[in-house]
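Dear colleague,

I am handing over the structure we spoke about, with the sequence alongside.

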Amino acid sequence: MKIKSQISNKIPVSPSIDKVGVEERVARFQSRSIKNESKKQGLNMVLSMIDLTTLEGKDTEGKVKQMCYKAMHLHDHFEGIPQVAAVCVYPSMVAIAKNELRNSSVKVASVATGFPSGQTSLALKLKDTKFAVEQGADEIDMVISRGKFLTGEFAYVFDEIAAVKEACGKARLKVILETGELVTLDNVRKASDIAIYAGSDFIKTSTGKIQPAATMQVTYTMLMAIRDYYDETGIMIGMKAAGGISTAKLALHNLVMVKEILGTNWLSNEWFRFGASSLANDVLMQLVKIETGVYQSNDYFSID
Amino acid sequence: MITFQLINMKKELNDNWDYSSSLEAINHIQLKKKYNLFIDGKWIAPSKNTYFKTINPANEETLAEIASASKEDVDLAVKAARKAYTNVWSKMPASERAKYIYRIARLMQERAREFAVIESLESGKTIRESRDVDIPLACNHFFYYAGWADKLDYAFPNRKIESLGVAGQIIPWNFPLLMAAWKIAPALAAGNTVVLKPAETTSLTALKLAEIIEESGLPPGVVNIVTGFGETGAAIVNHPDINKIAFTGSTAVGKIIQKALVGTSKKVTLELGGKSANIIFEDAPIDQAVEGIVNGIFFNQGHVCCAGSRLYVQEGIAEKIIKKLKQRMESLYVGDPLDKNTDIGAINSKEQLQTIEKYLKIGLDEGAEMYQPKCTIPKKGFYCAPTLFLNVAQSSIIAQEEIFGPVLTIQTFRTVDEVVQKANNSPFGLAAGVWTDKGSRIFNLTSKLRAGVIWANCYNKFDPTSPFGGYKESGFGREGGLHGLSAYLKLS
Amino acid sequence: MSRIEVLKTYKIYIGGEFPRTESGRYYTPLDSKGKALANICLSSRKDVRNAVVAARKAFGPWSERSAFNRGQILYRIAEILEGRQAQFVDELMRQGSSKGAATNEVNLSIDRIVYYAGWCDKYNQVVSSVNPVSSSHFNFSSLEPMGVVGVVAEQSTSLIGLVSLILPAICGGNSTVVLASEKLPLCAVTFSEVVHSSDVPAGVINILTGYPEEMAVTLASHMDVNALITSNLETKLSNKLSLLSVDNLKRKFDYEVNWVEKDKQALHYISDLQEIKTTWHPIENVGGASSSY
C-alpha cells in the first residue's frame, strides 16, 4: 500500500517530444550487450515481473486454472526458477484465480472499466471495478477513454481515473493508455502525465488487443514521465509494458531502459511488469541454454 | 512517504544488476607484426629502415610496427602517383574508374567487422562507434563517390572540368578510416591519384585499406599510403609535383601548411578545429536535447572537430537541463573500447590526455565548477571521465580554446540576440546545434549562425551526400555531396 | 548419348512471384530461322491489373527507403546480371544476335545499371533548389517519385531497351509494370529472375509478356497508373495510348532513342518521372541582419 501525499488536481504541462531523437536514444539501449551473469540475473528478473495473461472471449474456468498452475510452476525441471508476479484475467474469473493461487505470492490482477474499449458509462465502469475488487483482485487494470483524450477532454480523462482509483480501495491501480490508438509520443507523454497525476499506481502501455503496443519508444516515453514525476515529488510510480514483447531479448532491453532511466530501485515486480503470454517460455529457453550451452526447442517447455 | 514492499525476489539481487563485460571477438582479425609503405601497388620497406610502434591506448600494448616514411619515400610515392595518373588513370573512361571505386566500397563492406575491431584497438574509440558509425559511413562514402565519377558534367554544368593530377592528403587520428574515405573517394572519382599519410597513432586501418585496394585490382600507384610523423607530412606538403593538398587536423598545423603553400600553384583545402555552440531554447524537446548534448560532446570521447563543446542553455530551463544532463551521465560507461557496453572509450594518446588534463586544471583555476559522474576508470591506458564545467563565462579560456576531449562548458543566455552573438563570438565556425520546437526560430538561427554545419534538433549527423566544412578558422572547402567534388577538380 | 537438357518454362513476374498468365494463353515467337523460341505467356488485362496492384503496394515502402539503400540494391542487380552474362548472351544469340553484338548488349546493360545505381542519392541534389523568395520564408523544391509507372519496352531489342527504361524509373523511387518486346521476350523473363535475386522488393518491378496492343491499352487506361513511358513505338498505337492516358492525366513520355548507343543514359530520364514539391516555412527575424536565404 502506498500513500501519495501530494496528488495535484491540475492537468500537468507535458514536454514536447522529438520522435527521431527518441529513436536514437532507444537504439543506444538496444545495442547494450547483456551476457553471462548479468543475462542470467536479468532473465530471472524478467520471469518474476511477468503478469501471465488470458483475456479472451472464450476463457473458461479450466483455462484459468491451468494458467494459474503454470504461474506457480514455470518449469519445475529446473531449480530456482521464480514464480511470476501476477495473473491477469477478466473480472468473472477473479475468484477462480484467487482460489488457485491462495498458497502463493502470485497476485491476481483484473481488467475492468469495460476492457478493452472502455466505451461505456462511468457508472458501469465503477461497478465493473468494484465487482472485481470484491471478488478479490489485488490489482485493477483500467482503460482510459481514448476518444475523450483525442478530442482534448483531458479533464474528463483525469476525473475518470481518479474515480476508478477511489473504487479500487486497497487494490493497486494500473492505467492502460492504449498507446497504439494514441499514435504520437506527445500523446503518450500527455496521457502518462494525466494518469500519474490523477492517482494511478502503475501506467500501462496497452490492452494487448491491437498493435503497435509496447514498443521501446513508447515505453521510453512513459518511463520518462515516471522519472520526471519522481524528481518532482519523490513518489514512485510503476510501469507495465504489455503487448508485443515476446522475446527474452526484447524484455532484457526493456530492463536496460528501466535501469538507465529510473535506476535499480525500480527493478522489482513491485514497480515493473511485463504483460505477456508467450514471453515466459522464450525466457525459460534462454535460461536453460545458459545452463546447458545448448539451443532449446519448444517441445520441452509446457505451454499452459 | 510510506512504501510497503511485497516482492518475489530479494531486493539486493536487483540493486546490483549491471552489465557483465561483453567483449567483441577479435580472434578473426589479421594484423601483421610489421607494416611497410604501400607505394606503386607494392609493399616496400622505408628507405631509412625506420619503424615505430603503434599501441592500443586502452592498455598501452603494442599492436604492430609501422614504417616511417622519409622525404625520399614520399618522393617515390609521388612519382608513382604521377606515373599512374599520366599513363593510366587520366586515360581511363570515367565509368570504368567508377567500377574500381565501387569494388573498394563493396570489399570494405565484406570486411567491415575486421575494420571496426582494428579501428577500436588502435584509436581507442568504442567498438559500438566503429561498428555502427565509422565503418558504415566510410564504406558508404566510397560507394557514394563512385557514382559521381562519370557524372561530373552534371555537378558543374557549363564549366570545363579537368582532374588536378596528384593529391597529397594528411588525415587525423580521430576518425582514421572515415577520414581516409573522405579524402580518397572524391579524389579518385574526380580522376586524381593520391598520396595519403594517416596520423601516426592510427595507421592500421589505412594500411588495411591498402590491402583492399590491392585486392580490388586498382592500378598500381593510383593510391599510395605513406605512414609516418610530422616530417612525412611536411615532405608531402612541400613536394613540388603535387597539385593539391588536403589536410584535416588542428588549426595550428593548418596555418603552417597554408603558409608553406604560398607562392606555389597547389590547391588546398583545410578542415580544422572547432568550438561549436550547442544552443537549447526553453521550448526544446528537453529529453532529446539532453541526449543531443551528450551525443555532441561525449561521442567519440569528444575527439570530434565539430563537437558541441560550448553549451548555451536558456536561463529558464538551465537548472532542469543540467540536472537531467547529470542524470544521463550516470549511465555512461567509461572503459575498454572493445567492450560492447562501453560508451566512452580511451583517449587516443598520452599526449592528448595530458592536453585535456591541462584544460581541466585551467578550468578549475579560472573558478569554474567541475562535475564528473562517479565511474570506474581502468588502471592502465588513457582515460578521461565525462566532464561538465558550470559557471563558465564567455571569456573563460576553457570556453574559447578547443580541448578535444569529453569536456563540456555550460553558459546560460536570455534572448536570441544574445546567444547568436555569443555563439558567433569565436574564431572558429565549424558547427552549431539549435534545439527548439519552433520551426521559424530554427530558420532564424540557422541563417544567422556563422558555422558551416548547423544541426537543428539533432547533433553529429553525417552523410556522404551532406557537405561538411567550416567558416573562419575552422577551415575552408567542403567534403561530402556534390560540393565535395570541386576541391579535386580544375573548373574553368 | 548426349545429356537431355531440362527446358525452361518462361513465366511472368508479378509481386515477387512467377505465375503463369491467368488466362492460360500462350504465343510462340520465332527465332531468326523461323523456328519456335519457346511458349511465352500471352498476358491478359487481368495480369496487367494484378501487376498494377502489386506495383501500387510496393510503391510506398520503395519510395520511403533511403536513396542510398536504393542505390545499393540497383548495384546488386548489376552484380547478379554480371554473373549471368553467359546465359543472357546465349538467349540474345538464340533471338538472332551475333555473339559480338550480344556481348556488347549485355555489357552495356550491366554498365547502364551501375550508372543509374550511382544516381539514386545524387539526382535530388542536382535538381532541387532553395528558392530565394521575397517574403521571410524558407522555401525549397525537391523531387518526389510519381508512383506506378507503366513501361512499354521497345520492340527491337530484348534486353537493353528494357533496362534503359526500368532503371531510371526505379532509381527515382517509382515502381513499374513492364511490357516486354513481343518478338524478343526471352531476356525480359530472365531479367525478372535477376531482379528477384537482387534484394529488389516484391512488386517494384513487374514484367509481363504478350501482345503490346492488348496489354498497353489496359495499362494506358488504368486509373491507378501515374505515368506511362514508351520507346520507339509505332505512331498509331502511341497516339491511341496517349488518348487513353488523358483520363487520369497520366504523364506520358515517348523516347525515340537508339538505346545501344553508350551515351543514351542521363539524368533527365530519372527526373522525367519525378514530381516537384515546393514547401514554405516562415523564418522569424530576430537579432541582427536579415536572413541569408
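This is a predicted model: local features need pLDDT of at least 70, side-chain atom pairs count only at pLDDT 80 or more; totals for chains, interfaces and linings use all residues.

I began with chains B and C, where 31 residues of chain C are in contact with 30 residues of chain B, and where the two chains bury about 2,700 Å² between them, 58% of it on carbon and sulfur atoms. On the chain C side, the residues that lose the most area to chain B are C:Lys122, C:Gln125 and C:Glu284, which together account for 24% of what that side buries.

As for polar features, there are 13 residue pairs in polar contact between chain C and chain B, and the count of salt bridges between these chains is four. In one salt bridge, the side chains of B:Arg106 and C:Glu79 meet at 2.8 Å, N to O. The side of chain C that touches chain B draws at least two residues from each of helix 2 (67–83), helix 4 (99–119), helix 5 (123–127) and strand 10 (274–282), and by class that side has 15 nonpolar, 10 polar and six charged residues.

Turning to chain A, A:Arg227 is found in helix 10, which covers residues 216–233, and A:Arg227 counts as buried because its relative accessibility is 15%, the cut-off being under 20%. Leaving aside residues up to four places away in sequence, A:Arg227 touches A:Ile261, A:Leu262 and B:Gln327. The C-alpha atoms of A:Arg227 and A:Val258 are separated by 9.9 Å, with the two residues lying 31 residues apart along the chain.

With best wishes

Key: Residues are numbered from 1 along each chain as its sequence is written. Chains are lettered from A and ligands numbered from 1 in the order in which they are written. Side-chain values use heavy atoms; hydrogens and water are left out. Helices (H or I, at least four residues) and strands (E, at least two) are DSSP runs, numbered from the N terminus. Buried means under 20% relative accessible area, exposed over 50%, partly exposed in between (1.4 Å probe, protein chains only). Contact means heavy atoms within 4.5 Å. Buried area is the accessible area (1.4 Å probe) that two parts lose on being put together, summed over both. A polar contact is a pair of N or O atoms within 3.5 Å; within protein, one must be able to donate a hydrogen and the other to accept it, and residues adjacent in sequence count only if both atoms are side-chain atoms. Ala, Val, Leu, Ile, Met, Phe, Trp, Tyr, Cys and Pro count as nonpolar, Asp, Glu, Lys and Arg as charged, and the others, Gly among them, as polar.
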